[in-house]
Amino acid sequence: MTLVSKDLLKASEILNREELVAIPTETVYGLAGNIYSDTAIKKIFEMKKRPFFNPLIVHIHSVEQVKDLAVDFPEKAQQLAKVFWPGSLTLILPKNDTVPDLITAGNNTVGIRMPDHALTLELLKNLPFPLAAPSANPFTYISPTKAQHVKNYFDGKLEMVLDGGNCANGIESTIVGFENDEPVVYRLGSISTEEIEKVIGNVSVRNNKEQAPNAPGMLEKHYSPRTKTYLVQDITDFIKQHPEKKIGLLLHSTNHKNFNVSNVIYLTKTGNLKEAASNLYSAMHKMDQLDLDMIIAQRLPNYDLGQSINDRLERATK
Ligand code: TXA
Ligand code: MG
């Protein structure tokens, strides 16, 4: 049985003996271990069935720690950290030799972020090492936004989920790196490109495998329910093409007629993209337990967090 609890001392004790704890963050739950323990890091890859070429993000509680991990902290990266940390921004920086290759998949860069969750910040302060934490889901599955999601995935295999409630933002951090000092977004996420650009000006977005060989984690199939999922613009038309099917609908606006389908979840009823993002994965988890023939998601407007949500839904359909 996996313990689900708010007990910080227990969590530290487990992490100190090179075991894993799932930790809450404001984006999604992470499967955490000591970055300096090969034993712990190997367990992360094993438990997730994640390929070793996919590097892990290092979680810190203070900007001071960046110098232990990276050999350079460019001006624009510092500006972003100042505005968005603690928060849903991962910075890709040239790594220090002391960061194990297992963490970075042999890359000469390391991904770093300071999560915005009181319990996890407290935990990080109590530990003598930073935590590597990929999302706490088996490879390619939907990321967890509640302690119960993690328990459902790893019950009995994982010692503890540190229970920090529902993740407020609900989708992963935005990943920003630098190429010849030019900022590049490698993963759309909880902080929109528009918000990033307000701080450092124009950024390029290279959010897929072809465009971003430096971000090996940008796999086409990802965030996927077991139920076959479709992302469509015209819901009415698509439903007509699939009579007799048990359908779940993920919608985000109310100006639709009543669809005659078994299940409907509104990500937002007011067009609030932040709200839609925070509800996305829990809605997908719910739909996936209903034994449906298909999930049909309505494409969001392609700006702000709508872009990040469409990106996740796109990958869920693969
Ligand atoms: O919001 C988040 O970032 C969550 C929470 C737990 O912090 N973590 C998360 O980790 O989403 P994960 O492992 O599911 O996704 C990490 C992504 C991967 O796509 C990986 O390839 C990329 O970060 N990444 C990590 N280090 C990198 C590096 N050095 N260079 C390029 N990409 C990197
Ligand atoms: Mg993930």
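In the model, Glu 19 is partly exposed, at 25% relative accessibility, where buried denotes under 20% relative accessible area, exposed over 50% and partly exposed the range in between (1.4 Å probe, protein chains only). The structure is a predicted model, in which local features need pLDDT of at least 70 and side-chain atom pairs count only at pLDDT 80 or more, while totals for chains, interfaces and linings use all residues. Residues are numbered from 1 along each chain as its sequence is written, chains are lettered from A and ligands numbered from 1 in the order in which they are written, and side-chain values use heavy atoms, with hydrogens and water left out.

Glu 19 is the partner of Lys 43 in a salt bridge, with the closest N and O atoms 2.8 Å apart; a salt bridge is defined as a side-chain nitrogen of Lys or Arg within 4 Å of a carboxyl oxygen of Asp or Glu. Because Lys 43 lies in helix α2 and Glu 19 in the loop between α1 and β2, the pair ties together parts that are 24 residues apart in sequence. Helices (H or I, at least four residues) and strands (E, at least two) are DSSP runs, numbered from the N terminus. Lys 43 is itself partly exposed, with a relative accessible area of 24%.

By the stated rule, the count of salt bridges comes to 13. Arg 17 and Glu 159 form one with their closest N and O atoms 2.7 Å apart. Arg 17 is located in the loop between α1 (8–16) and β2 (21–23) and Glu 159 in the loop between α7 and β8 (160–162), so this pair ties together parts that are 142 residues apart in sequence. Both residues are partly exposed, Arg 17 with a relative accessible area of 37% and Glu 159 with one of 30%. A network of salt bridges links Lys 10, Glu 13, Arg 17 and Glu 159. A further salt bridge joins the side chains of Lys 95 and Asp 101 (3.7 Å, N to O); Lys 95 is buried, at 13% relative accessible area, whereas Asp 101 is partly exposed, at 49%.

Helix α2 (residues 38–48) has Ala 40, Ile 41, Ile 44, Phe 45, Met 47 and Lys 48 buried. The cover over these residues includes β3 (30–34), α5 (101–104), β7 and α7, contact being heavy atoms within 4.5 Å. Just after α2, Lys 49 adopts a positive phi of about 55 degrees.

The largest nonpolar core comprises 73 residues, and Leu 91 and Leu 250 have the most contacts inside it; such a core is a set of buried Ala, Val, Leu, Ile, Met, Phe, Trp, Tyr and Cys residues joined through side-chain atoms within 4.5 Å. Helix α10 (residues 273–288) gives the most to this core, with eight residues. Since domain 1 (3–175) and domain 2 (229–316) both give residues to this core, it lies between them; the domain bounds come from an automatic or database domain assignment. Apart from this core lies another, of 16 residues, among them Ala 11, Leu 124, Leu 127 and Met 160.

Beyond its neighbours within four places in sequence, Leu 91 contacts Phe 73, Ala 77, Leu 80, Ala 81, Trp 85, Val 110, Gly 111, Ile 112, Val 176 and Phe 178. The peptide bond from Trp 85 to Pro 86 is cis, with omega near -5 degrees, and Pro 86 is found in the loop between α4 (75–84) and β5 (89–94).

Thr 140, in the loop between β7 (131–132) and α7 (147–154), is buried, with a relative accessible area of 15%. Asp 291, in the loop between α10 and β15 (294–298), is exposed, at 65% relative accessibility.

An open sheet of four strands shows the order β12-β15-β13-β14, with parallel pairing; two strands pair if DSSP finds at least two bridges between them. Its edge strands, β12 (229–232) and β14 (263–266), each pair on one side only. Four bridges join β12 to the parallel β15, and Thr 229 stands opposite Ile 295 in β15. Helix α11 (residues 304–316) packs on the sheet, touching β12, β13 (247–251) and β15, and its direction makes about 140 degrees with that of β12. Axes are lines fitted to C-alpha atoms, for helices over the stretch in contact, and angles run from 0 to 180 degrees between N-to-C directions.
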